[in-house]
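Please look over the sequence and the structure below before reading on. The report that follows takes up one chain by itself, then the places where chains meet, and finally a single residue.

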Amino acid sequence: MAVDAARFSLTPSPRTRRRKLINVLMQALATLAALAAVAVLALVIGSVAQRGASALSWDFFTKTAVTFGQSGGGVANALVGSLVIVALATAMAVPVGILIALYVSEFAPPRIADLSRLVLDVLNGLPSIIIGIFVFGLLVIGSGQAAWKGSFALAIIMLPLIARATQEVLALVPSSLREGALALGASRWRTVLGVVLPTSLGGILTGTVLAIARAAGETAPLLFTTSIAANAVTWDPRQPVLSIPYDIFILSESADPADHARAWALGFVLISFVLVTSLTARLLLVRYRKKLEG
Amino acid sequence: MSARVNAITSTPALRARRRLGDRFGDVFLHGLTGAAAAAAGALLVAIAWKIFDIAHPAISKYGFAFVTRQGWDAIHSRFGALDLIWGTLLTSFLALLIATPVSIAIGLYLSELAPRGARTVIASLVELLAAIPSVVLGLWGILVLGPFVGQDLGPWLHRHLGFIPLFDGTPQNAGILVAVLVLTIMIVPITSSICRELFLGVPTELEEGALALGATRWEMVRGVILPYTRTGVGAAVILGFGRAVGEAIAVTQVIGAGYGIHWSLFATGDTLASKLAEQYQSATTKIQTASLVYLAAILLVISLLVNLLAQVIVRRFSHQRTGGS
Amino acid sequence: MDTMGAVAPIEIAQAREAPLSASDREAVFETRGLTVSYGKAPAVSNVDLPIYRNLVTAIIGPSGCGKSTFLRSLNRMNDLIPSAKVDGEVLYHGQNIYGDGVDPVEVRRRIGMVFQKPNPFPKSIYDNVAWGLRVLGMKDDLDGRVERALTQAALWDEVKNRLKKGAFGLSGGQQQRLCLARAIAVEPDVVLLDEPASALDPIATTKIEDLMHELKNEYTLVIVTHNMQQAARVADMTAFFTLERTESGGHGVLVEYDETPKIFTQPDDKRTEGYVTGRFG
């Protein structure tokens with residue numbers, strides 16, 4: 001029985017070879033794109049670490065800036081300022097964010113829940129400078145800047161992040177848990193506060209940490225709300241304070257290389273904080289999700 | 001807990017009180033959470049209202065002509081947004097032009113090609129790029145990327161592609177091109193992670209159907225995966241555009257605060273957002289402040305439109321997919 | 001279907017040509033000691049099975065017996081599952097499809113496949129069929145090729161007026177015939193069908209079965225089915241697989257392979273007999 005060799009051949013024909021070449025080329029391009037993204041990440045972190053780490057010193061963390069031309073000095077006021085602003089913003093955003101998430105996942109009728117999610121997503125998509133101007137118009141015009149006003153602006157940025165993250169973990173809570181509690185005779189609110197919320201605590205925490213990481217690096221909302229500050233450490237949220245991102249912004253625009261060095265050092269502090277927190281939060285979230293999904 | 005419940009329900013009076021308490025608790029929690037959700041909606045409305053309120057003097061004085069006028073003359077209080085709208089659209093579109101194919105490629109790599117073990121690691125690294133604060137990226141942009149563009153990349157582009165208006169002019173350390181590159185770096189992690197999710201959502205049966213016909217992986221991607229996820233990728237690109245349009249800080253740091261409408265990427269420029277960030281403190285007159293916030297109002301309208309469009313597409317797309325097959 | 005089967009005895013295809021004697025048959029496939037494993041666990045083990053040209057070969061057996069795994073190993077679809085490992089040989093016209101220099105793309109181009117769930121592409125009806133042709137460079141007389149494939153799949157009359165419409169608008173049965181048209185448009189040598197009618201209603205199922213009778217004149221067909229009446233109606237040859245329990249779980253083995261009437265009326269093996277009679281007994 002003669003076998004038609006060409007018809008049944010399984011070795012690649014010239015045409016197939018050409019197609020496979022294109023395939024390999026495209027796969028290489030895709031790999032290259034991913035490598036490029038990782039390379040840019042390494043490049044940015046590398047430059048910041050290389051230029052920033054050397055400028056770090058005890059004085060850097062404990063002293064405030066010196067006047068132009070002198071050496072030494074630190075950024076203690078910006079560090080404390082950022083701490084105050086972000087802590088206060090977290091305190092404002094977390095409870096409201098959780099409440100919104102509870103409403104969306106536990107109480108709202110489907111259409112309202114959809115609308116609420118849309119509102120959160122649109123809020124999340126607003127440029128942060130718009131939020132800065134909003135708070136400027138609402139709280140600063142007429143009465144001046146203050147740290148807590150910056151916190152309010154950051155809280156608006158954190159709110160949708162926390163609410164969305166919380167709502168996503170609430171959706172993962174198995175309905176059997178809810179039904180189990182309700183079947184025991186527990187009322188709705190006891191079920192929500194006593195069973196649903198504690199189960200999702202891990203997820204809420206990681207969502208909050210991610211929101212903090214994002215807020216800590218935001219500059220635009222602080223331009224209008226807490227930027228003109230005295231060169232002294234203050235913990236008083238009613239005073240305008242300096243912050244790390246705003247300080248980097250100002251120092252980066254300066255012509256003095258000493259200022260650039262300080263900017264790099266601050267950038268290093270900020271980027272370390274942001275990367276470590278968001279990385280930890282991500283890892284925790286992955287583990288938490290696995291636990292919930294079983 | 002059940003022991004406590006039994007103890008409480010043992011006397012009728014306590015049971016009644018408990019029921020009343022529970023009913024109150026239910027209503028209260030429902031009301032409280034509902035109020036929080038309503039507050040978020042109110043916030044969105046308040047933001048829009050406040051922006052237009054502060055901008056009002058400029059809007060009523062200049063009207064729509066503000067949008068089509070060039071120049072920013074504080075001394076004679078003659079303000080126009082056209083330069084800035086041009087700068088915003090040019091930088092955002094060009095950033096998207098680079099970011100879209102790169103994001104699709106990264107999404108494909110992460111969903112189809114990457115070795116299973118490395119997948120999550122590389123995906124997390126790409127997403128970490130999005131976590132870098134824009135002010136730090138701007139710092140890197142002005143002090144590292146800027147000089148590279150001004151002294152190496154720019155001259156090279158000018159030498160080889162100078163006949164294209166985009167690469168005409170003298171490369172500098174700050175300018176549109178640096179802004180475009182910084183924006184690209186900011187958009188890519190966002191759009192690529194959406195693309196990855198979309199590509200992972202393509203049913204295996206479809207991919208197998210293509211491969212079973214004797215298609216290569218790339219032919220399968222082009223013929224099945226990309227058409228299937230077209231809408232979602234479109235929404236991701238629009239979201240990326242929204243992000244690019246609104247970025248103020250990093251752009252301010254690298255774009256060089258220039259005037260006019262140029263095609264050249266080596267020229268300095270300004271965007272709506274960067275102008276706001278630069279001039280916020282130097283505004284002395286009420287009309288100057290109002291004009292600046294008029295820019296914010298334009299930005300707000302663009303960003304609301306872009307976001308709503310993207311969200312509507314995403315929602316309709318996910319409905320289609322869950323309800324379709 | 002199943003309720004019908006409970007009362008009617010298994011009906012074996014009547015219009016069958018006189019069976020060829022074994023020496024006249026040309027084997028398209030010959031598997032030799034074929035074992036497919038996922039990770040360390042074999043899913044189907046040590047299968048020796050010839051598949052003959054222009055016949056319909058059915059593969060039947062209880063779930064978990066590795067029928068689908070076996071089928072997917074015939075056109076290297078198992079390559080897509082990272083943990084899958086193939087031992088032994090699958091000879092296709094004498095060449096081992098797992099051999100050196102063999103290209104899976106070429107293999108699949110010659111050995112087409114129709115899946116359990118209709119999986120039309122998110123394209124128009126026309127493009128669903130034309131896509132494979134374009135990819136493989138069979139672009140001469142594209143319209144004619146599309147029409148022929150749709151006609152062969154008995155779908156042309158139903159769709160000729162809406163070729164540019166999306167394929168998702170078709171019914172499940174039409175979608176499955178579209179997938180069949182898509183597979184035969186590229187003129188394969190063999191078409192593998194993995195429970196092609198399991199997601200379809202009885203009328204659509206009958207259409208697919210009728211088609212198989214037509215198509216075997218041009219193609220070699222291998223069908224995996226959990227429905228024994230279907231095997232009895234469409235197949236010339238039937239292979240019965242079963243799950244052999246072992247300490248570490250179990251794996252599929254080939255029990256018996258013969259002409260369909262023999263498998264269903266006088267099987268040699270007790271396990272085959274138990275399976276073909278047990279379910280309806």
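## Chain A by itself

In this predicted model, buried residues account for 49% of the 294 residues of chain A.

As for overall dimensions, the C-alpha trace of chain A spans about 95 × 65 × 35 Å along its principal axes. The radius of gyration of chain A is 26 Å, whereas a compact globule of 294 residues would have one near 19 Å. When one considers the contacts in chain A between residues at least 6 apart in sequence, 75% of these contacts join residues that are at least 24 apart.

## Where chain B meets chain A

How many residues of chain B are in contact with chain A? There are 72 such residues in chain B, and they are in contact with 79 residues of chain A. The size of an interface is often expressed as the accessible area that is lost when the parts come together. For chain B and chain A the buried area is about 6800 Å², with 78% of it on carbon and sulfur atoms.

In one salt bridge, the side chains of B:Arg315 and A:Asp121 meet at 3.3 Å, N to O. The rule also finds 10 residue pairs in polar contact across the interface of chain B and chain A, both residues being at pLDDT 80 or more. Several elements of chain B each supply at least two residues to the side that touches chain A, among them α2 (12–62), α4 (82–113), α6 (134–161) and α12 (286–324). Of the elements of chain B, α2(B) gives the most to this side, with 21 residues. Sorted by kind, the residues on the side of chain B that touches chain A are 48 nonpolar, 15 polar and 9 charged.

## Where chain C meets chain A

Chain C also touches chain A, with 20 residues of chain C in contact with 14 residues of chain A. Between them, chain C and chain A bury about 1500 Å², of which 51% is on carbon and sulfur atoms. Three residues, C:Asp103, C:Glu106 and C:Arg110, supply 31% of the area that chain C buries against chain A, which is more than any other three residues supply.

Across the interface of chain C and chain A the rule finds 1 salt bridge, and the side chains of C:Asp103 and A:Lys20 meet in a salt bridge at 3.0 Å, N to O. The count of residue pairs in polar contact between chain C and chain A is 8, both residues being at pLDDT 80 or more. The elements that give two or more residues to the side of chain C that touches chain A are α3 (104–110) and α4 (125–135) of chain C, and α3(C) contributes the largest share, 4 residues. This side of chain C divides into 8 nonpolar, 4 polar and 8 charged residues.

## A residue in chain C

The residue C:His251 lies in strand β10 of chain C, which covers residues 249–259. Is C:His251 buried or exposed? C:His251 counts as buried because its relative accessible area is 12%, and the cut-off for buried is under 20%. Apart from its neighbours within four places in sequence, C:His251 is in contact with several residues, including C:Pro42, C:Ala43, C:Leu243 and C:Glu244.

Definitions and conventions: Residues are numbered from 1 along each chain as its sequence is written. Chains are lettered from A and ligands numbered from 1 in the order in which they are written. This is a predicted model: local features need pLDDT of at least 70, side-chain atom pairs count only at pLDDT 80 or more; totals for chains, interfaces and linings use all residues. Side-chain values use heavy atoms; hydrogens and water are left out. Contact means heavy atoms within 4.5 Å. Buried area is the accessible area (1.4 Å probe) that two parts lose on being put together, summed over both. A salt bridge is a side-chain nitrogen of Lys or Arg within 4 Å of a carboxyl oxygen of Asp or Glu. A polar contact is a pair of N or O atoms within 3.5 Å; within protein, one must be able to donate a hydrogen and the other to accept it, and residues adjacent in sequence count only if both atoms are side-chain atoms. Ala, Val, Leu, Ile, Met, Phe, Trp, Tyr, Cys and Pro count as nonpolar, Asp, Glu, Lys and Arg as charged, and the others, Gly among them, as polar. The radius of gyration is taken over C-alpha atoms; the globule rule is 2.2 Å times the number of residues to the power 0.38. Buried means under 20% relative accessible area, exposed over 50%, partly exposed in between (1.4 Å probe, protein chains only).
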